[in-house]
Amino acid sequence: MEPIIHIENVHKHFGRVHALRGISLDVYKGEVVVIIGPSGSGKSTLLRCINHLEEYNEGRIVVDSTPLDDTKNINVVRQEVGMVFQSFNLFSHLRVIDNLALAQRIVRRRTREEAEKIATDLLVKVGIPDKAQAYPVQLSGGQQQRVAIARALAMNPKIMLFDEPTSALDPEMIKEVLDVMLALAKEGMTMVVVSHEMGFARAAGDRMILMDEGQIVEEATPDKLLTSSHERTKQFLSKVLNL
Amino acid sequence: MAEKPKTRPGGGKLFYIPGGDTFTRIDPWWGLVALVVVAAVVLVTVWPDPFWNILVFVRGGIIVTVSITVISFIFIMVLGLLGGLGRLSRNRVLRGFASLYVELVRGVPLLVQLIWWYFAFPVMIQAVGKWLDFSFMIEYQANPIATAIIGLTVCYGAYMSEICRAGIQSIPKGQMEAARSLGMSHFQAMRYIILPQSIRVILPPVGNEFIALLKDSSLVSVVAVADLTRRGREFMATHFNPIEVWTMVALIYLVMTLLSARGVSWLEKKNRFEE
């Protein structure tokens with residue numbers, strides 16, 4: 001079976017910093033891949049390379065049979081790949097409903113009625129149907145992140161990328177976001193998640209990847225990786241799990 | 001967090017005492033406008049000679065001042081947006097061109113620029129016309145009003161470029177990334193996400209620019225435009241009463257600037273989304 005995301009020997013430099021050092025990774029349809037690693041290990045950079053928010057310097061990325069090396073393909077790929085950010089990045093001048101509807105209308109060329117119908121249904125799905133007319137600043141962090149997930153889903157993506165979706169949230173709001181992500185995983189969405197939520201990784205993750213210094217250190221099922229005998233993995237997990 | 005009162009505390013007024021009565025809600029700025037208007041009305045009705053006569057004499061100048069300011073301002077907004085986008089462009093030629101424009105123009109006094117456009121520019125056009133043998137260029141004469149609008153637009157466009165650049169840059173990077181990650185093009189993201197948010201940021205400085213422009217438009221009186229200031233000078237030249245003339249002219253400018261300031265703050269309030 002052909003992978004839906006194919007990453008081959010990707011290198012990325014930020015000036016003198018060699019952020020990604022030859023990453024190769026295949027993600028298959030319906031898989032949930034969780035990436036962990038210390039800060040600065042390149043996990044967010046890798047995620048951002050998948051929808052070309054970050055340009056890579058070397059190597060090859062193919063998303064849904066579309067190679068990312070041609071700039072013409074980038075907007076096509078981005079329509080198929082939803083992204084959820086650590087800081088939500090909701091459009092602060094638009095109401096929740098318009099946050100969900102805008103890109104559908106101008107990118108997917110849906111009518112206003114169509115787009116708002118889809119938006120309304122998605123707000124029900126993420127559990128905040130009553131906030132359609134609110135502005136982002138009027139929502140809690142957890143609600144904002146759920147809106148951000150709904151906004152990405154409104155484009156009917158084939159793949160969802162999550163860049164530390166819960167690290168900016170208060171502890172009591174983390175669960176509401178993880179529940180939405182768990183439900184999404186159960187529906188068979190292909191997901192690449194940068195997160196240190198081990199509970200989520202165990203419950204939904206098919207594969208877990210530990211990155212360090214721009215390289216993949218270990219790759220295994222969550223249960224195996226969390227009990228790994230690999231020295232670097234053990235060292236990192238002891239820090240994360242004992243927090 | 002979720003439930004916020006519909007009305008903002010104080011409604012944007014300068015003073016607000018929670019639970020205060022109507023007295024505390026009198027806006028001191030409107031009070032100032034009223035004071036200036038009353039002063040002008042008193043002068044005109046109590047001493048119609050010379051104040052009423054001055055007002056009648058300069059009224060054409062008021063219209064010229066307002067028209068030049070408003071027309072220039074429209075061009076300035078367009079030029080400022082282009083200049084601001086140019087300063088932020090990834091294209092090095094565009095960026096260099098925009099930066100050169102801003103730096104050159106900001107380094108030369110407005111008065112000198114106006115004089116240059118009025119006296120030097122036409123001669124230059126004529127010289128080029130002679131060289132190319134284009135008769136319409138050889139016969140080119142500076143039109144005072146057009147020159148004034150060009151001069152003000154070029155000068156203020158540079159300052160406006162910097163305001164627009166700062167406004168666009170003040171929008172967090174994540175907004176552009178979120179827009180692009182949804183498949184929007186760079187243009188769509190600018191048009192629907194970045195610029196609408198920038199407007200709120202740049203509105204106060206843009207309002208200041210409008211008021212500064214209204215005042216600086218008095219400089220066009222040196223290039224033969226019969227604006228408010230020039231009409232005032234003409235009246236003084238025949239009647240020799242500087243105190244009355246320039247007090248009246250100053251009051252008229254004050255009424256216009258104070259009203260503009262109110263207009264700007266009304267626009268700001270209108271453009272604020274709920275926070």
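Reader: What is the relative accessible area of A:Glu176, and is A:Glu176 buried, partly exposed or exposed?

Author: The model is a predicted one. Buried residues have under 20% relative accessible area and exposed ones over 50%. A:Glu176 falls in between and is therefore partly exposed, with a relative accessible area of 23%.

Reader: With which residue does A:Glu176 form a salt bridge?

Author: The closest N and O atoms of the pair are 3.0 Å apart, and a salt bridge requires a distance within 4 Å. The partner of A:Glu176 is A:Arg146.

Reader: Which parts of chain A does the pair of A:Glu176 and A:Arg146 tie together?

Author: A:Arg146 is buried, at 10% relative accessibility. A:Glu176 is in helix H6 (residues 171–186) and A:Arg146 in helix H5 (residues 141–153), so the pair connects parts 30 residues apart in sequence. The two parts are helix H6 and helix H5 of chain A.

Reader: How far apart are the closest N and O atoms of A:Glu219 and A:Arg207?

Author: A:Glu219 belongs to strand S10 (residues 215–220) and A:Arg207 to strand S9 (residues 207–212) of chain A, so their pairing ties together parts that are 12 residues apart in sequence. A:Glu219 is partly exposed at 38% relative accessibility, whereas A:Arg207 is buried at 14%. The two residues form a salt bridge, and the distance between the closest N and O atoms is 2.4 Å.

Reader: Which residue of chain B forms a salt bridge with B:Glu162?

Author: B:Glu162 lies in helix H6 (residues 144–169) of chain B and its partner in helix H2, so parts 75 residues apart in sequence are tied together. Both members of the pair are buried. With the closest N and O atoms 2.9 Å apart, the partner is B:Arg87.

Reader: Which residues do salt bridges with shared partners join into one network with B:Arg87 and B:Glu162?

Author: Over all chains, the structure holds 20 salt bridges. Those that share partners link B:Arg87 and B:Glu162 into one network with B:Glu103, B:Arg106 and B:Arg165.

Reader: Is B:Ser89 buried or exposed?

Author: B:Ser89 sits in the loop between helix H2 (48–88) and helix H3 (92–106) of chain B. Leaving out residues up to four places away in sequence, B:Ser89 touches B:Leu94 and B:Arg95. Its relative accessibility is 15%, and because the limit for burial is under 20%, B:Ser89 counts as buried.

Methods: Residues numbered from 1 in each chain as written. Chains lettered and ligands numbered in written order. Predicted model: local features only at pLDDT ≥ 70, side-chain atom pairs only at ≥ 80, totals over all residues. Heavy atoms only, no water. Helix = DSSP H or I, 4+ residues; strand = E, 2+ residues; numbered from the N terminus. Buried < 20%, exposed > 50% of the residue type's maximum accessible area, 1.4 Å probe, protein only. Contact = heavy atoms within 4.5 Å. Salt bridge = Lys/Arg side-chain N within 4 Å of Asp/Glu carboxyl O.
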